[in-house]
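Have the model open beside you for this one. We'll go through rings, charges, cores and confidence in turn.

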Amino acid sequence: MAKQGEGGGYNRPRLALHVPEPKFRPGDAVDFSHIPVPQAGAQMRPDEACAPSDTNPLCTDLVRVLGDDHQAHGPWDPRLTPDKLRGMLRHMALTRAFDERMYRGQRQGKTSFYMKCTGEEATSVAAAHALASDDMVFPSYRQQGILIARDYPLLEMINQIYSNRGDKLKGRQLPIMYSSRAHSFFTISGNLATQVPQAVGWAMASAIRHDSRIAATWLGEGSTAEGDFHSGMTFAAVYNAPVIFNVINNQWAISSFSGFAGAERTTFAARAIGYGIAGLRIDGNDPLAVYAATRWAADRARSNNGPTLIEHFTYRAEGHSTSDDPSAYRSAQEREEWPLGDPIMRLKQHLIALGEWSEEQQQEMDRALAEQVKAATKEAEKNGILGHGLHHPFHTMFEDVFEELPWHLEEQAEQAIRERQIKWPQ
Amino acid sequence: MATVSRDDVVSLADAPARPMNMIEAINDALDIMLERDPDVIVMGEDVGYFGGVFRATASLQEKYGKTRVFDTPISENGIIGAAVGMGAYGLRPVPEIQFADYIYPGLDQLISEAARLRYRSAGEFIAPMTVRSPFGGGIFGGQTHSQSPEAIFTHVAGLKTVVPSTPHDAKGLLIAAIEDNDPVIFFEPKRIYNGPFDGYYDKPTKPWKDHPDARVPEGYYSIPLGKARTVREGHAMTVLTYGTMVHVAEAVCREKGVDAEILDLRTLLPLDIEAVENSVEKTGRCLVIHEATRTSGFGAELAAQVQERCFYHLEAPVERVTGFDTPYPHSLEWAYFPGPIRIGEAIDKLLGA
């Protein structure tokens, strides 16, 4: 018997645990030259009805359309009209303007919490533009761009963020956990990756009913480590479900870099290979690549050719949330050095290169969007801000737990209302 | 489909009935609901072609086709998660979890998602699903084929928990659960699938066929959720119980000649508090019996409710007879199981007080 503990067997090599470490920490000079950025247009585009394995090379490549010359290249060019491109640009810019104002609102104490999607606007806006408006989306918390692309009223969003009396979720949900059945936008949950098997179930239901609608879901690369990602992928493969999985690989899960989700060894798109489903790894800061890949996956799902996993390779340009300070764990230089640039700037430059847009028009649009957000904010503030008393009646706290209030909730509601009367006698 | 109201009890007096065991009654309920409502979907491990490891879904796939009744991968998390998505679409899924002991990988989907969907979306999305699962011990199932995890679910706001104790109730309650627009956990006491159980494990199990509650009416009927059943009227004490223990309690009271009022709760949440209060106020004594472990078990909630509501009527402290606070053992199953001796002692203590 080898001696237990120190060193195990006398002659065996000593084992060493590998704990991933990001390349750059605060204060480090950033060099992203290890990230291959292939030429735009160089990636093949298989037919939407191809065998899943035909996409295997695309799981480790990077599908790109917009080149350094700001022109669209290659077989993935979706050939969108200038009007469509301007529409996407406007929605992405509006998403950013909205984020800026809501972030400030949190800092001013108007609400408790906010999460920006800065740098990732293309992954939601361009994808939403490529889907039908009644395709059900199962987002995570960083896809506000989908709601904006589907023309959800900003006023409703801000009411929800302020948890005021205009909030149609009645102040029950943490800010940004939106829900809109009318916009085919599934209620957001704080529990990571739970939406993945749910999206598959919705897609299975659509197939059971011989419907034509498909489902799409979004999750971060960090959440792919959850069991729900595995079960969702397994179910989608088994039942050939008409669903699109979008993995937003923004390099960071709060303070943990993507190595803690397995990125040191392979790509997230390559997970598709093992499940036997189609996979695409795309430049997530290239709105045309996002649009084209989503369109490809949607057409594939709609024609009963099954699910697709799309890895959107992007960068989380800001903190995880208003409760997070990224300067505590990563180099501030990362954002400037990110080799895939900024999705809004890239689409703007493309439109300018096409002769369909100008810096002046961009400035004018940004100004108008900031005004639009400001007006919506002012309107929402009439319904109150968090903690200022203009909330839903106490009884609503007990409603919708069940379809009908059981006796024990009626009793508890009476107590809450009695406590209120003690605190604020009329 | 609207929820059955508390007073809407279907009269079955004239309906033709035939003897069924609990499996047949459950199969019949699923058959009726698959027939009546095209939104109903049955899925789970081995439920399709094979008809389920307990035969509860036998012949249903053949009758309704592979897209209504189908096998799933071995992933409780996936089964429940997919059912939440199907419910959001507008279907009425009835997933099966092969044993309640294996429901835990699906807990996040049940607790964080199904239970809260209506609340967090202010009614925009609902989870009208019924999770069927065999539970309870008494079959030499050891640690992972015997558990009674009902207290985990009664502790979750937004879930309803139902436990039938007879074939007649199993069918009516399962139909009501499937029709209910809230997520329902439907625990089937597997020890009494084939016959009632009086606690005497060394005697052969009596089949259901001669039991009055095994006469199951043909066709559709439902038993409202949230309503207890008075198994036996009495004055000496109130026994609050459910599932297999209904039969054990009944046998022990009969043997001891105790004039107990036995309530089969049937639905644990929402609890039929009126029936509990009325009975305890009448008898002044209360015995709570369940197979699940003691600490923080559902019996603790029952004892607390009785103590709060009936304090001045109580002649004795509320007694709890439960499983022990250990994992469910294999070889010492009958030392663990709350059988006639343990129940008898509690009855003596209550009557002596």
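Phe99(B) is buried, with a relative accessible area of 11%; buried here means under 20%, exposed means over 50%, and partly exposed is in between (1.4 Å probe, protein chains only). Tyr102(B) has 28% relative accessibility, so it falls in the partly exposed class. This is a predicted model, where local features need pLDDT of at least 70, side-chain atom pairs count only at pLDDT 80 or more, and totals for chains, interfaces and linings use all residues. Side-chain values use heavy atoms, leaving out hydrogens and water, residues are numbered from 1 along each chain as its sequence is written, and chains are lettered from A and ligands numbered from 1 in the order in which they are written.

## Aromatic pairs in chain A

Over all chains there are 26 aromatic pairs. Rings of Phe, Tyr and Trp (its six-membered ring) pair if their centres lie within 6.5 Å; planes under 30 degrees apart are stacked, over 60 edge-to-face, and the rest tilted. Take Phe313(A) and Trp338(A): they make a tilted pair, 5.5 Å centre to centre with 35 degrees between the planes. Phe313(A) belongs to strand β7 (residues 308–313) and Trp338(A) to the loop between α9 (333–337) and α10 (343–353), so the pair ties together parts that are 25 residues apart in sequence. Helices (H or I, at least four residues) and strands (E, at least two) are DSSP runs, numbered from the N terminus.

Both rings, Phe313(A) and Trp338(A), are buried. Back in chain B, Phe99(B) and Tyr102(B) pair edge-to-face, at 5.9 Å centre to centre and 80 degrees between the planes.

## Charges over rings

Arg191(B) puts its charged end over the ring of Phe197(B), 3.7 Å from the centre. In chain A, Arg45(A) lies over the face of Trp76(A), 5.3 Å from the ring centre. The cut-offs are NZ of Lys or CZ of Arg within 6 Å of the ring centre and within 35 degrees of the ring normal.

## Nonpolar cores

The largest nonpolar core has 75 residues, and those touching the most other members include Val243(A), Met86(B) and Leu110(B). Such a core is a set of buried Ala, Val, Leu, Ile, Met, Phe, Trp, Tyr and Cys residues joined through side-chain atoms within 4.5 Å.

Chain B averages a pLDDT of 95, and 96% of the residues score at least 70; pLDDT is the predictor's confidence in each residue, from 0 to 100. Over residues 1–9 of chain B, pLDDT stays under 50. Where pLDDT is low, the predicted coordinates should not be read in detail.

Methods. Contact = heavy atoms within 4.5 Å.
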